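Good morning, colleagues. I would like to take you through selected local features of one model, beginning at a surface loop residue and ending with a charged pair.

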Amino acid sequence: MDSGGFFFQAFVYLTAAVVSVPIAKKLGLGSVLGYLIAGVIIGPFVLGLVGSEGQSVMQFAEFGIIMMLFLIGLELQPSMIWKLKGSILGMGGAQVTATALLLMAIALFFGLQWQTALALGLVLALSSTAIVLQTLHEKGLMQTDGGQNSFSVLLFQDIAIIPILAILPLLATAQASSSAVHGDGGGHAGGTTWIEGLPLWGQTTLVLGIVAGIVLVGKYLINPLFRLIAKTRLRELFTAAALLLVISITILMGKVGLSPALGTFIAGVVLAQSEYRHELETNIEPFKGLLLGLFFISVGASIDFEVIAANPALILQLVAALLLLKFFVLAGIGRMFGMSFDNILLFALALAEGGEFAFVLFSFGLNNGVFEASLVNPLIAVVALSMAMTPLLVLLNEKFVQPRFGTVEKEKKSPDTIDLERKSSVIIAGFGMVGSTVGRFMQANDEEAIYLDTDPDNVDLLRKMGLQVFYGDASRSDLLQAAGAAEAELLVIAVGNAEKALEIAGTARKYFPHLEIIARTSDWEESFEMIGMGVKNVYLDTLDVALRMGGDALSRLGHRKYHVMRAMKTFRRYEERHLHELAEIRHDKKELMRATKLRIEDLEQLMLKEKEELHKDKDLGWDASGHIADDGHMRS
């Protein structure tokens, strides 16, 4: 078999992904670190299954980053972007400027010319969009303050690539090189661009016109086009159209010298309110995941261990210096913008690495005489190593740093700022759809609750409505204490995140054992965990909805409503009792399977018995609504 053939290379990359990622996930390392390790193993310096062609694979796999930003745009409303404008411009601008100037100062100290030093600072100021966002999404950290601010800074960095590409040729100090290190040397321009040779005002007009065109087409033409395609009922055609949309924007943005990732992100935001948003997400998601996996493997395979082996001490020192310098800059910015200690750690560790665009910019700078090969080659190894370190640093922060030091400084609204106007017997953790419904139902019955939520917009809105809502993480004992848990009788856990719900329950059981807990759960596993912690009142998200749907289905098939209501009540009672029985044997998989099988049989017998009782009622003169046929008195 030709070791360089397409199918062999596909076999190698896919095998590396399929083998490494499950092992990494099992060890708690996360998929990104699994891909990176797989890339190192199959790369030219370990097994040698991937050689120089790995660079062309990386160029192809970078399309995964473009798709990822398109999908992120689909999930964001324009109002959300407007809300983040302060952190995008403020935090993003401060991070790029401060990091670039500090790196420039260090480079000048070591004797580099100011042009090269500035270019180096700008390139190394960038972080890895792909690795950071994938890691945060995987660990469910995107909705945290640290995750949101990380996204804002990364978005600013993607915008900053445009002026950096424009500035680099102006900083040339040497003759342009004809060799490339990574990429095609043209960045994302894809060769000759339409703006070459145009005056500055012409370039600006063309770029703004293209961006405006993308917005207008996305707003007025895409929906009718997808409506026509949807009428064909050919799913593969819809997938092809979704890919065509992303590829077209990529080419178009490259032709005007802009970042394709930024262009597809704008298109995603424009389509965020489209009726076809979810269909687009469903069709593009598999391609995005596969291409991102290839990208991470390519990064691992591209780490040049020959360069590292030639001077390991220097390379490792440079990696440590880059990570530390960016960490302290980011931590200072986080502090300046009022982030909590926990979120500062996440924010600074997530963005401390170099970015994938550094490969493109180093190559572009080399071809334009900004850098020399002797400087670029070791720095590419430094950037690749720093990127590989990021998921590991986030993991270490999650497993070891946060449990020990994460409570040194609390959330922006600390517990001692909670000033209860009225005491309450009920605390509700989480004010989403479930928590708000529970709260409104209780308030309608003259029972006021105290609410804890981690969405600051929710908190501000609901406070204006006169509710006692406070910002903070209900898994913290001091916040529960400040919210009156010591005097309260009931804690309703309505958060949607299973891990966070279990954490809240654990804190409440440990510090406030008198509290009766009512917990929302999303699946059987979470329910078992809750019951194992001593929470008796566990409610599956889907049970009541499923029963209502099943009841309506039976009614529409001609079953009497009285029978349906009795059957629903019996079924719910049986399910809730059986949930507690299964929780006791949840660790014995064989016994659990046997008990589940018996449960189905028992339930059938129970429903049969219900039918027999219903027939007896009819024989005694009860009608379908529960009334006696002759005198109209309700059955008790």
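Let us begin with Phe45, which is partly exposed at a relative accessible area of 32%; the class lies between buried, under 20%, and exposed, over 50%, with a 1.4 Å probe and protein chains only. This is a predicted model, in which local features need pLDDT of at least 70 and side-chain atom pairs count only at pLDDT 80 or more, while totals for chains, interfaces and linings use all residues. Residues are numbered from 1 along each chain as its sequence is written, and side-chain values use heavy atoms, with hydrogens and water left out.

Phe45 sits in the loop between α2 (31-42) and α3 (54-61); helices here are DSSP runs of H or I, at least four residues, numbered from the N terminus.

Val438 is partly exposed, its relative accessible area being 27%. Leaving aside residues up to four places away in sequence, Val438 touches Ile428 and Val492, where contact means heavy atoms within 4.5 Å. Val438 and Val492 are 54 residues apart along the chain, with 8.7 Å between their C-alpha atoms.

Finally, the charged pair. Which side chains meet in a salt bridge? They are those of Lys500 and Glu503, at 3.3 Å, N to O; the rule requires a side-chain nitrogen of Lys or Arg within 4 Å of a carboxyl oxygen of Asp or Glu. Both belong to helix α23 (residues 498-511) and, being three residues apart, are separated by about one helical turn. Lys500 is partly exposed at 25% relative accessibility, and Glu503 is partly exposed at 38%.

Conventions: Helices (H or I, at least four residues) and strands (E, at least two) are DSSP runs, numbered from the N terminus.
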